[in-house]
Amino acid sequence: MTSNPKHLKADSECPPLKENQLRLYSMRFCPFVRRAKLVLAAKNIDFEEVRINLGDQPDWYLKKNPAGEVPLLEWIDKDSKEIRSIPESLVICDYLDELYPQNRLHPTDPYLKARHQILTSRFSNVYSEFYKVFGESNAKNIEELNQSLSVYEQLLQNKFFGGTKPAMIDYMIWPWFELMSNLTGYVLNADGKLPKLAAWVKVMDADEAVRKHRVPDETIKKFIASRRAGKPDFDVE
């Protein structure tokens, strides 16, 4: 992986896109970007990372993606030589899983794949509660987050949601657990009601793909503090 270490702002120019090189437009702390980077790591796919300052976005990036969101996957088509791109984390991850069949992350069984996709989609109920705690770690917000997580506690029947090794679903929900572990005032399984998820977090944290592009905990804590203060520092170290 090659990376532009600073988040590019409105006064920046778009770096030239190389042939035969996947580019991922990102924000270092974005869990949706983390999804794509986990799949890229799990499949050992080389890519270039270009970070975007979401508070001061370049016009050239908004032309590429008018929604102004990350991630965005971009490449030069080898036949037409046209620049192609895909937005949306789940779409990007499904595309990569199809394009690079090594270490297939989706189950081959259509029913099981559908079940995993439903659970991934419904995880939006969890991260909507997570962002309330992200803003304020009060008792009500924490209880509602834990309640949303209890569904996944009940459904986790093996070492991973994917069975004996991480599957797409594990990587798609993991980024929010990384952030949870760095929230001031929140401890997963503090009341003892989420023991299976707590064990899953430990084995996921040791996964090679998870560790490959992980941002240090202290850096995440600093970013969360800057975000809570209303002045997100995307380049904090």
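**A salt-bridge network and its surroundings**

Modeller: Let's start at Asp217, which is partly exposed because its relative accessible area is 32%, and that label covers values between buried (under 20%) and exposed (over 50%), worked out with a 1.4 Å probe on protein chains only. Before going on, a word on what you're looking at: this is a predicted model, where local features need pLDDT of at least 70 and side-chain atom pairs count only at pLDDT 80 or more, while totals for chains, interfaces and linings use all residues. Residues are numbered from 1 along each chain as its sequence is written, and side-chain values use heavy atoms, with hydrogens and water left out.

Asp217 has a partner: Arg214 forms a salt bridge with it, the closest N and O atoms being 3.3 Å apart. By salt bridge I mean a side-chain nitrogen of Lys or Arg within 4 Å of a carboxyl oxygen of Asp or Glu. As a general point, side chains of opposite charge can pair when their charged atoms come close. Arg214 also meets the side chain of Asp205 in a salt bridge, at 1.9 Å from N to O. How accessible are these two? Arg214 is partly exposed, since its relative accessible area is 21%, and Asp205 counts as partly exposed too, at 25%.

A network of salt bridges links Arg34, Glu178, Asp205, Arg211, Arg214 and Asp217. Two of those names come up again where a pair of helices meets: Arg34 belongs to H1 and Glu178 to H7, and both are in the set of residues through which these helices touch. Others in that set include Phe32 and Leu38 from H1, with Tyr171 and Trp174 from H7. Touching, or contact, means heavy atoms within 4.5 Å. Helices here are DSSP runs of H or I with at least four residues, strands are runs of E with at least two, and both are numbered from the N terminus.

How do H1 and H7 (residues 168-180) sit against each other? Their axes come within 9 Å and cross at roughly 130°. That makes H1 oblique to H7, because angles under 35 degrees count as roughly parallel, over 145 as roughly antiparallel, 65 to 115 as roughly perpendicular, and the rest as oblique. The axes are lines fitted to C-alpha atoms, for helices over the stretch in contact, and the angles run from 0 to 180 degrees between N-to-C directions. H1 passes H7 in a right-handed crossing.

Glu49 forms a salt bridge with Lys37, with the closest N and O atoms 3.1 Å apart. This links distant parts of the chain, as Glu49 is in strand S3 (residues 48-52) and Lys37 is in helix H1 (residues 31-42), twelve residues apart. Both Glu49 and Lys37 are buried. Across the whole structure, a search finds 17 salt bridges.

To finish, go back to helix H10 (residues 217-228), where you'll find Ser226. Ser226 is buried, since its relative accessible area is 12%. Leaving aside neighbours within four places in sequence, Ser226 is in contact with Lys231, Pro232 and Asp233.

Notes
A crossing is left-handed if the near helix is turned anticlockwise from the far one by less than a right angle, and right-handed if clockwise.
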